[in-house]
Amino acid sequence: MASETLVVTSKVKKHIKEKGGCNTSGETIEALSKAVEKLCQRGIEAAKSDGRKTVMARDIVDDHL
């Protein structure tokens with residue numbers, strides 16, 4: 001089962017092209033979508049753990065970002 005694309009492919013490709021002069025493979029879009037999915041899940045779990053129904057930035061902040 002394929003995952004849903006959670007990033008705007010055209011915007012990612014444009015950003016990579018403008019910032020680095022590089023092309024973007026389809027695998028890159030898939031990897032970014034999986035990363036976004038994981039961050040969203042982290043946020044959902046943190047919000048529920050705090051008894052909230054709203055995911056906030058602090059719920060998904062990654063020290064590596």
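Asp 50 and Arg 52 join their side chains in a salt bridge, 3.0 Å from N to O; the term covers a side-chain nitrogen of Lys or Arg within 4 Å of a carboxyl oxygen of Asp or Glu. Keep in mind that this is a predicted model: local features need pLDDT of at least 70, side-chain atom pairs count only at pLDDT 80 or more, and totals for chains, interfaces and linings use all residues. Residues are numbered from 1 along each chain as its sequence is written, and side-chain values use heavy atoms, with hydrogens and water left out.

**Salt bridges**

- The count of salt bridges comes to 3.
- Arg 52 also pairs with Asp 59, at 2.8 Å from N to O, and that links Asp 50, Arg 52 and Asp 59 in a network of salt bridges.
- Arg 52 counts as buried because its relative accessibility is 17%; buried means under 20% relative accessible area, exposed means over 50%, and partly exposed is in between, with a 1.4 Å probe and protein chains only.
- Asp 59 is buried too, with a relative accessible area of 6%.
- Lys 14 and Glu 18 sit 4 residues apart in helix α1 (residues 9–20), so about one helical turn separates them.
- Glu 18 is exposed, with a relative accessible area of 56%.

**Overall layout**

- The protein chain has 3 helices and 0 strands, running α-α-α from the N terminus on.
- With a radius of gyration of 14 Å, well over the 11 Å that the globule rule gives for 65 residues, the protein chain is more spread out than a compact globule.
- That radius is taken over C-alpha atoms, and the globule rule is 2.2 Å times the number of residues to the power 0.38.
- Helices here are DSSP runs of H or I with at least four residues, strands are runs of E with at least two, and both are numbered from the N terminus.
- Along the principal axes, the C-alpha atoms of the protein chain fill a box of roughly 45 × 30 × 15 Å.

**Surface, charge and contacts**

- Of the 65 residues in the protein chain, 14% count as buried.
- The protein chain exposes about 5500 Å², and carbon and sulfur atoms supply 54% of that area.
- On the charge side, the protein chain carries 12 positive and 10 negative side chains, and the centres of the two sets lie 5 Å apart.
- Among contacts between residues at least 6 apart in sequence, 28% join residues at least 24 apart; a contact means heavy atoms within 4.5 Å.

**Two residues to look at**

- Ser 33 lies in helix α2 (residues 26–49), and Ser 33 counts as buried because its relative accessibility is 4%.
- Leaving out residues up to four places away in sequence, Ser 33 touches Glu 4, Thr 5, Leu 6 and Val 7.
- Ile 60 is found in helix α3 (residues 57–60), and at 31% relative accessibility Ile 60 counts as partly exposed.
- Ile 60 and Cys 40 are 20 residues apart in sequence, and their C-alpha atoms are 6.8 Å apart in space.
- With residues up to four places away in sequence not counted, Ile 60 touches Leu 39, Arg 42, Gly 43 and Val 55.

Note on methods:
Areas by Shrake-Rupley, 256 points an atom, 1.4 Å probe, with all protein chains shown as cover. Lys, Arg positive; Asp, Glu negative; His and termini not counted. Charge placed at Lys NZ, Arg CZ, Asp CG, Glu CD.
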